[in-house]
Amino acid sequence: MSVTDSGEMIHPGLPLAWGLAVLASMLLVGGVMLIARADGESRTRHFELAAMPGIGGAISYAASSTWLLRVLKLLFLALFLLIIASGLYGTPIPERNAATVLTWNLWWSGLIVSVFFAGSIWCAVCPWNTFANLLVNRRLTGRARRGSRLVLRVPKYLRNLWPALIMFIGLTWLELGVGVTVSPYATAILALVIVILATASLAIFERRAFCRFFCPVGRTVGFYSQLAPVEQRPRDTQICADCTTLECYYGSETVEPCPTHQLMGRMRQNTFCTSCGNCARSCPESNVVWRLRSPSAEAIRDARPHWDEAWFMLGLLALTGFHGLTMMAFWDGWISALARAIGDSGQLLTSFSLGLAASLAAPFLLYAAAVWMTCRVGGLTTGFATVFSRFAFVALPLAFAYHLAHNLNHLVREGSSLSEVLVNPFGQGALPLGDMEKHVRAMDMAIPHGWVHAIQAGLVALGFLIAMRVIQSRGQSLLPQDGRSRQIVALAPMALFAAGMTAFHLWLLMQPMVMRL
């Protein structure tokens, strides 16, 4: 543990022994899975949560309870309002203000961890949508009041994920380049801007267009939810096939339609499910249930590929790595050197933007090269765009595994400040953290160091394993079945891409990391 000249804490990275262990497992797993054939006939196993002994009834009640959803919405709305108020009127010291601590230390870090256990449950209680719903519809749940919205259809050129990807890149630029994470006031302003966008979208467009097309957080949660162990699906698919009223899609007299235009009988992936429960509450046959499943089945086999979705998944992979890169002790030196070379000065936003652009371009170019080589060696007649889209699911486990491993470090090292800001959210009378207090906070971890390192190493290794399963399964469906040796050679570029990105993430985790707050 050490402190930089500017007073920032530097935390040690993953020990070398763990890094070597992960690399060894990658070589073993990668080689075996590249040679082995995928089991194309395997089926995803499911278990209905309501059938769990002892707690099944409670789960079923919670899933269908309107009042519980309202309570949770109001709770998170209250925390959101606290963040705005403390950011606007509290101390500018980021580590003493609830706006920066709750947003960047707790929510942004804990959000990804929540997906690992509960999928897209965050979207069901998102305060941005709750705030917008109260302003436009003047209610928490239920059908919107007539005349409160224009209900226009989203223009065709916006009915894709390009807006969400652009907003994600812009949010990263504001967060890391402008320094929103270390400014309570800027954090509050950013939160208000997002509420304004969500409210305007709800007032103008049909359903929840902001959640479906524009929200970078919701789309990140949605894609990561493909790897989650829970899903909301029909209990009996035949009931959905015979249904003519489609309440899950159109809603009922008291329940709103699906906010993201999902038809329950045709759902194969969690990507656009917001876990709002409208389908379950409106279904006259009570045919919509929560169930456990084999994790990662969607990314490995079930999810349908689309061009814009492929780019968003690769954007996730690039931006998660970029977040980690900017927290390395050498990052500021790199940007300063670039600034001197190009004559940049001031806040060095031009240099930072160039660094962001390079970090985005590198994974895209490497992935595109791997796809091109697979097409060429495999003799595929399928178009490049189709192969590009199908294999893009390899980015999900790689990004998610590193994101979890990186955020775990934040949660266990920075979580001790939560109680302090809840007691004094505005930071009244508080002084900046001294070096000793920073050291004590960093050492006061909820999980022992050894456990954190073991979990991080296990996550990275698991991400690579799932990525290889994606390559194995989707490659088998694309490549000709005759000539096994040619299949192996054709899939080798994709395996090398997965191994290269995993090695990069492992290297990041092994470096000393600068903590922002």
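Trainee: Why is aspartate 302 called partly exposed?
Mentor: In this predicted model, aspartate 302 has 31% relative accessibility. Buried means under 20% and exposed means over 50%, so a value of 31% puts aspartate 302 in the partly exposed class.

Trainee: What makes the contact of glutamate 231 and arginine 233 a salt bridge?
Mentor: The N to O distance is 3.6 Å, and the limit is within 4 Å, so the side chains of glutamate 231 and arginine 233 count as a salt bridge. Both of these residues are buried.

Trainee: How do you know that arginine 293 forms a salt bridge with glutamate 298?
Mentor: Their closest N and O atoms are 2.4 Å apart; with a cut-off of within 4 Å, the pair therefore counts. Arginine 293 and glutamate 298 are buried. The structure holds nine salt bridges, and a network of them links Glu231, Arg233, Arg291, Arg293 and Glu298.

Trainee: Why is α6 called largely enclosed by the rest of the structure?
Mentor: Because eight of its ten residues are buried. Those residues are Pro127, Trp128, Asn129, Thr130, Phe131, Ala132, Asn133 and Val136. The buried residues of α6 pack against α3, α4, α5, α8, α9 and α10. Just after α6, arginine 138 takes a positive phi of about 60°.

Trainee: Why is serine 201 called buried?
Mentor: Serine 201, found in helix α8, has 5% relative accessibility. Buried means under 20%, so serine 201 counts as buried.

Trainee: What does the side chain of serine 201 reach?
Mentor: The side chain of serine 201 reaches the backbone nitrogen of phenylalanine 210 at 3.1 Å. Leaving aside residues up to four places away in sequence, serine 201 touches Ala209, Phe210 and Phe214.

Trainee: Which residues are the closest to the centre of the second largest cavity?
Mentor: About 170 Å³ of space lies in the second largest cavity. Of its 18 lining residues, the closest to the centre are Cys126, Asn129, Arg208, Phe210 and Cys211. Two or more lining residues come from each of α5, α6, α8, α9 and α10. The lining divides into twelve nonpolar, four polar and two charged residues.

Trainee: How do the residues lining the largest pocket divide into nonpolar, polar and charged?
Mentor: There are 36 nonpolar, eight polar and one charged. The largest pocket holds about 990 Å³ of space, and of its 45 lining residues, Phe76, Ile121, Trp122, Val125 and Pro127 are the closest to its centre.

Trainee: Which element gives the most to the lining of the largest pocket?
Mentor: α4 does, with eleven residues. Other elements that supply at least two residues of this lining include α3, α6, α8 and β4.

Conventions:
Residues are numbered from 1 along each chain as its sequence is written. This is a predicted model: local features need pLDDT of at least 70, side-chain atom pairs count only at pLDDT 80 or more; totals for chains, interfaces and linings use all residues. Side-chain values use heavy atoms; hydrogens and water are left out. On a 1 Å grid over the protein atoms alone, a cavity is a set of points where a 1.4 Å probe fits but cannot get out, and a pocket is an open set with protein on both sides within 12 Å along at least five of seven lines; lining residues have an atom within 4 Å of a point. Grid points are joined across faces, edges and corners, and a volume is the space filled by probe spheres set on the points. Helices (H or I, at least four residues) and strands (E, at least two) are DSSP runs, numbered from the N terminus. Ala, Val, Leu, Ile, Met, Phe, Trp, Tyr, Cys and Pro count as nonpolar, Asp, Glu, Lys and Arg as charged, and the others, Gly among them, as polar. Buried means under 20% relative accessible area, exposed over 50%, partly exposed in between (1.4 Å probe, protein chains only). Contact means heavy atoms within 4.5 Å. A polar contact is a pair of N or O atoms within 3.5 Å; within protein, one must be able to donate a hydrogen and the other to accept it, and residues adjacent in sequence count only if both atoms are side-chain atoms.
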